[in-house]
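Colleague: Can we go through this structure together? I would like to start with one residue and then move on to others.

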Amino acid sequence: MKFAHLADTHLGYRQFGLIEREKDFYEVFEKVIDKIIEEKVDFVIHSGDLFETAKPSPNALLAFQKGLLKLKGAGITMYAIAGNHDSVMRKGAIPPQVIFKKLGLKVISPINPFYVHGDLFIAGLPFYPASQSKLLKSKLAELSKKAANYEKSVLVLHQGIDKYFGYQYELELGDVPDNFSYYALGHVHKYVNDSFGNGRLVYPGSTEIWKTDELEDYKNNGKGCVIVDFDGPKPVIKRLSIDAGREFIIRTIDYNKLESNVAGIKEIIKDFDKKPILDLTIKNVDGNTKDIYEIINNELGDLALMIRPKFEIIDENRTGDPPFLGSVGPKELIVEQLEKYNDKNVEQFALELYDFLSKDKNGESKELVHQFFNDHYSKNPKYCNVEEVEEIEVPKKESGDIQVTFNEVLK
């Protein structure tokens with residue numbers, strides 16, 4: 001018994017608004033499928049975020065259909081769950097994966113939470129936000145009881161676990177049942193292969209570079225999937241790395257050596273098959289940043305797909321390292337503003353609500369508010385006469401990102 005495990009393919013993602021980057025994601029997905037077929041696996045597990053959104057573009061749907069039909073032609077079944085990106089968090093809503101059921105895709109969902117492939121028990125759940133952690137834990141307990149009847153079992157989830165995900169996790173490691181043989185995880189874009197219970201817990205990572213903070217892991221572990229061999233008593237994991245094709249070049253340039261540094265970068269990238277993304281930090285800047293950008297763009301613009309410069313300006317009134325002129329993200333600001341509540345549930349609620357509202361997911365936003373109210377306030381006598389949470393009126397997005405004031409939402 002041998003299978004492939006992949007996740008976070010994010011088909012349809014147009015990184016930096018570039019059509020070339022969208023095509024990169026399709027090309028890498030095709031390479032992964034071809035490599036999987038070469039491995040002669042029995043089946044494939046996809047652990048969520050197959051698509052970038054719950055309403056994929058025709059190109060994204062066609063890219064997946066092409067891969068699925070290749071697998072079908074090779075006699076390989078695919079099992080899949082929905083992630084946070086390709087889920088619609090509303091009652092009665094279905095993920096886009098369901099479209100492909102008649103082509104042989106086995107969708108693991110609350111309606112069909114498990115399958116049996118040969119003698120292997122395959123169970124799982126789609127993404128659950130932290131606000132529904134009680135429901136998630138209860139469903140995991142049910143699947144754990146069923147798995148106890150099988151010698152070998154796989155749990156498929158798309159969740160952030162505290163040990164691997166940071167402060168925005170949905171599950172603590174202790175909440176995960178420990179009687180499965182293999183844990184096929186998605187959501188974390190970096191490669192994780194860890195021992196857990198009597199088996200292995202694996203995040204294969206994203207198949208492409210979704211954010212630049214994944215570059216260090218890409219350098220060390222590559223991008224791709226894993227091949228899991230279940231012939232023995234315990235699963236044996238093999239990393240299957242795929243060349244992403246397009247390079248991300250990160251360099252720090254000294255303003256005083258601007259000309260020679262730029263010339264060095266030009267020499268490196270001039271023969272690349274694909275134009276790279278250049279992420280440049282220019283330090284010790286005491287000139288006009290517009291002029292500096294024009295110099296860089298004139299020399300490298302035709303050789304790069306995109307140039308992303310940051311400038312460290314020299315402050316003559318300050319000693320030590322020059323200050324970095326960057327920006328603080330909206331999520332960091334939200335957490336800072338909500339520190340006075342001293343309540344992690346409120347912070348998590350606000351962050352999830354921000355994610356939904358900034359993506360125009362108004363139905364999901366309403367559901368989240370109702371769920372939060374029911375979990376934390378419905379049994380409080382102070383609110384016992386409240387029959388329904390008042391709907392949030394979401395401002396229409398004219399241009400740019402939606403600006404959300406959370407104080408009103410929390411009240």
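Colleague: Where is the place of E208?
Modeller: E208 sits in the loop between β10 (199-203) and α5 (215-221). Helices (H or I, at least four residues) and strands (E, at least two) are DSSP runs, numbered from the N terminus. This is a predicted model, where local features need pLDDT of at least 70, side-chain atom pairs count only at pLDDT 80 or more, and totals for chains, interfaces and linings use all residues. Residues are numbered from 1 along each chain as its sequence is written, and side-chain values use heavy atoms, with hydrogens and water left out.

Colleague: Does E208 count as buried or exposed?
Modeller: E208 counts as buried because its relative accessibility is 1%. Buried means under 20% relative accessible area, exposed over 50%, and partly exposed in between (1.4 Å probe, protein chains only).

Colleague: Which side chain does E208 make a polar contact with?
Modeller: The side chain of R21, at 3.0 Å. A polar contact is a pair of N or O atoms within 3.5 Å; within protein, one must be able to donate a hydrogen and the other to accept it, and residues adjacent in sequence count only if both atoms are side-chain atoms.

Colleague: And what does E208 touch, not counting residues up to four places away in sequence?
Modeller: R21, D24, F25, V28, E214, K223 and A244. Contact means heavy atoms within 4.5 Å. As for K223, its C-alpha atom is 6.3 Å from that of E208, and the two are 15 residues apart along the chain.

Colleague: New topic, H5. Where is H5 found?
Modeller: H5 is in strand β1 (residues 2-6). With 0% relative accessibility, H5 is buried.

Colleague: Which side chain is joined to E170 by a polar contact?
Modeller: That of Q159, at 3.3 Å. A polar atom of the E170 side chain also lies 2.6 Å from the backbone nitrogen of G160.

Colleague: On to helices. At what angle do α1 and α2 pack?
Modeller: Helix α1 (residues 19-38) and helix α2 (residues 58-73) pack at about 10 degrees, with axes 10 Å apart. Axes are lines fitted to C-alpha atoms, for helices over the stretch in contact, and angles run from 0 to 180 degrees between N-to-C directions. The two helices are therefore roughly parallel to each other. Angles under 35 degrees count as roughly parallel, over 145 as roughly antiparallel, 65 to 115 as roughly perpendicular and the rest as oblique.

Colleague: Which residues make that contact?
Modeller: Among them are Y26, F29 and I33 of α1, and A60, A63 and F64 of α2. By class, the contact has nine nonpolar, two polar and five charged residues. Ala, Val, Leu, Ile, Met, Phe, Trp, Tyr, Cys and Pro count as nonpolar, Asp, Glu, Lys and Arg as charged, and the others, Gly among them, as polar.

Colleague: And at what angle do α6 and α7 cross?
Modeller: Roughly 30 degrees, for helix α6 (residues 258-269) and helix α7 (residues 289-300), whose axes come within 10 Å.
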